[in-house]
Amino acid sequence: MPIFLLCNLASGVILASKKKDLFRFLLAFFIVLIFVSFAELINPKTNKIFNYIKLGSYFIFYATVTVEIIKQVWKAKVVGKNVILGLVSGYISLGLLSFFLCLTIEIVYPNSFSGLAEANTTSTDVTDQLMYFSYITLMTIGYGDILPVTTIAQKASVFIGLIGQFYLVILTAIVVGKYINQSAVDN
């Protein structure tokens, strides 16, 4: 999992390589995360501070990349495969941000979500379930197998659902409108 996240982070740095300030900012986060990941590999019983630094860095990094993806899709003049892939990538990135938000809530306020794995399971099971919950909430499906029980978890769930709907309704509609206008001009 850490290698996958580092590869994902590297692709985010490459995404922003044309903008020098943003590139430097993301590169600094990438270096911090590599350092923290190697410190964790060397000593698996690292301090909780490293975990909080890593979680906060991932959240800030993905928030920055998500905003950049959305800006690039928004500003695109011609709708092609890159814009469509950017639209999909932006939605996936929103799901990751939702996951980090839910994970942070669960770490700071334990048992904020009912229906998560029992205490005898690994933390990987809990993170997988929070990832699932985040995407299901972003898509506003809401099966009800995992429920937000604390006030902050409930508010975060509402926020995640609203962001998912706004993204689909507004940004997708803009891209479709640009595509229709582009098709009308071409014909």
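**Reading helices, burial and ring pairs**

Modeller: In helix α2, the buried residues are Leu22, Leu26, Phe29, Phe30, Leu33, Val36, Ser37 and Ala39. Buried means under 20% relative accessible area, exposed over 50% and partly exposed in between, with a 1.4 Å probe and protein chains only. The model is predicted: local features need pLDDT of at least 70 and side-chain atom pairs 80 or more, while totals for chains, interfaces and linings use all residues. Residues are numbered from 1 along each chain as its sequence is written, and side-chain values use heavy atoms, without hydrogens and water.

Biologist: Is Ser157 buried or exposed?

Modeller: Ser157 counts as buried because its relative accessibility is 11%. Ser157 lies in helix α6 (residues 151-186). Leaving out residues up to four places away in sequence, Ser157 touches Phe113, Phe133, Thr137 and Pro148; contact means heavy atoms within 4.5 Å.

Biologist: How many aromatic pairs are there?

Modeller: Rings of Phe, Tyr and Trp (its six-membered ring) pair if their centres lie within 6.5 Å; planes under 30 degrees apart are stacked, over 60 edge-to-face, and the rest tilted. The count is 4 aromatic pairs. Tyr91 and Tyr167 form a tilted one, 5.5 Å centre to centre with 35 degrees between the planes.

Notes:
Helix = DSSP H or I, 4+ residues; strand = E, 2+ residues; numbered from the N terminus.
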